[in-house]
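I opened this notebook to record what I looked up in one structure. The entries follow the order in which I consulted it.

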Amino acid sequence: MIRKCKTAALFFSLLMGSTTLFSQAHNVSEGYREPDDPLVVQNLEEWQDLKFGLFMHWGTYSQWGIVESWSLCPEDESWTQRKPEHGATYNDYVTNYENLQTTFNPVQFNPKKWAEAAKKAGMKYVVFTTKHHDGFAMFDTQESDYKITSPKTPFSKNPKADVTKEIFNTFRADGFKIGAYFSKPDWHSDNYWWPYFPPKDRNVNYDPKKYPERWESFKKFTFNQLNEITSKYGKVDILWLDGGWVRPFNTIDPKVEWQRTIKVEQDIDMDKIGTMARRNQPGIIIVDRTVPGKWENYVTPEQAVPENALSIPWESCITMGDSFSYVPNDRYKSSQKIIETLIKIISRGGNYLMNIAPGPNGDYDSVVYERLKEIAAWMDVNGSAVFGTRSIAPYHEGQIYFTRSKDGKTVNVFHISESSDYKAPSTISFTLPEQYRPKKLNVLGTSSKIQWKQSGNTVEVMIPKSAKLTYSTVIQMTEL
């Protein structure tokens, strides 16, 4: 992920203050360009119907229970401190970090267990970290031996060693759209962080214009790995590219703090990469995060939700715990908080990509399955108000949030209270969307006849005392 910025983006209000230590809400990229490829347009429309997805950050770093990759980067030490037991000096630390490859053996890895729990909870697409900034490949790349399938890695002897293949095949068989996260920067590559120079920050540590052959080698390496991912792993629906500092220098937005740290040209040739990916995977959505233009097909606020509805495709990636990577005893959000966040996101027209981090043993914490089971119970009742919907004005007012069916005939009204234990009020009042005239109204989760009345453009709904509603009240109106 793109990490740490002292000033929040203008467009976003941050969720869950504790998570802001580890993340950054970035600006909606100015100059969004709608794709013109009809297959991409269709895929993007289908993706916007899905609403809820699973994100997974997983790598050798889970063994130390630390923030993924970032402790290798000599910046922002305050939020990713290196523990002395992992190395007395920076060079010792890097050596020990990279040696985690030799002990990584997640024998409890069972993607079918994940897919079943996620599907029941209403998740409909998955984005998996095939490679993070540290350069460790969670797929069987031929470009590097720093990978999970290397003989140096104990798990390579397991029949499920190529975890990217196993995850993609398993989730695809369960009807999920498949997304491949890939880091454009690679801090393990000698052609990105050249050992001749010490790394200074997250950026390439030499001037690509001064050493063009070295940069060309890195571009070829990146192209080849992305060609592997998009040609050898079945149908891939989303290519989710992170590390937005690897970008043409002329795309830098000086209003964004972290982008001001980019001092040299890092053009990776996205036209060549994107054309190759679309040739391998016709219609694939490409998300070149924070780099505006033809290869950022949707925008991706991190640990944040837009304050208002957006007119372009977007997705908030937010952790279930506090961290994107596995941390022992992480503080997982309550199911109520997760549902409330989902409601806010879909009312503003976005998707919710919720990150769950597997541990070093290859499984989630038990509390994760508890949360997914609770979310599943809510989805069983209220899913029709979530999936395949779009935003509709007035979007939200107070504790009320709205979505609509794509044909506009059904309007869903969510009431939340943001208290620790939701209790439905006896009456709920709200303003009708403009020119919407409901003929039928019911409360999802109750079979009781609903009493309601309309006065002008205001509707008042009486909630039955017998209704046992969890996390929210969802009113569904139909225009006959």
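The entries below go from conventions and confidence to the sheet, then to single residues.

**Conventions.** I worked from a predicted model, in which local features need pLDDT of at least 70 and side-chain atom pairs count only at pLDDT 80 or more, while totals for chains, interfaces and linings use all residues. Residues are numbered from 1 along each chain as its sequence is written, and side-chain values use heavy atoms, with hydrogens and water left out.

**Confidence.** I looked up pLDDT (the predictor's confidence in each residue, from 0 to 100). The protein averages 93, and 94% of the residues score at least 70. Over residues 4-26 pLDDT stays under 50; the model has 71 contacts beyond four places in sequence for this stretch, a contact being heavy atoms within 4.5 Å. Where pLDDT is low, the predicted coordinates should not be read in detail.

**The sheet.** Helices (H or I, at least four residues) and strands (E, at least two) are DSSP runs, numbered from the N terminus. Two strands pair if DSSP finds at least two bridges between them. I found an open sheet of seven strands with parallel pairing, in the order S6-S5-S4-S3-S2-S9-S8. Its edge strands are S6 (285-288) and S8 (315-319), each of which pairs on one side only. Neighbouring strands are turned by 20° against each other on average, direction ignored; axes are lines fitted to C-alpha atoms, for helices over the stretch in contact, and angles run from 0 to 180 degrees between N-to-C directions.

I then examined one pair. S4 (residues 177-183) and S5 (residues 238-242) run parallel and are joined by five bridges, and alanine 180 stands opposite leucine 239 in S5. Helix H4 (residues 163-173) packs on the sheet, touching S2, S3 and S4, and its direction makes about 170° with that of S3. Helix H1 (residues 38-50) lies across several strands, including S4, to which it runs at about 100°.

**Lysine 177.** Beyond four places in sequence, I noted its contacts with residues including Glu46, Trp47 and Asp237.

**Strand S15.** I checked which face of S15 (residues 440-443) is covered: Leu441 and Val443 lie on the covered face, Lys440 and Asn442 on the uncovered one. In a regular strand the side chains alternate between the two faces of the sheet. Four bridges join S15 to S18 (residues 473-478), the two running antiparallel, and valine 443 stands opposite isoleucine 475.

**Backbone exceptions.** Most residues other than glycine have a negative phi, and most peptide bonds are trans. I found a cis peptide bond between alanine 393 and proline 394, with omega about 10°. Tyrosine 395, in the loop between S10 and S11, has a positive phi of about 65° and is partly exposed at 33% relative accessibility. Aspartate 269, in the loop between S5 and helix H6 (270-280), has a positive phi near 70° and is partly exposed at 28%.

How values were computed
Buried means under 20% relative accessible area, exposed over 50%, partly exposed in between (1.4 Å probe, protein chains only).
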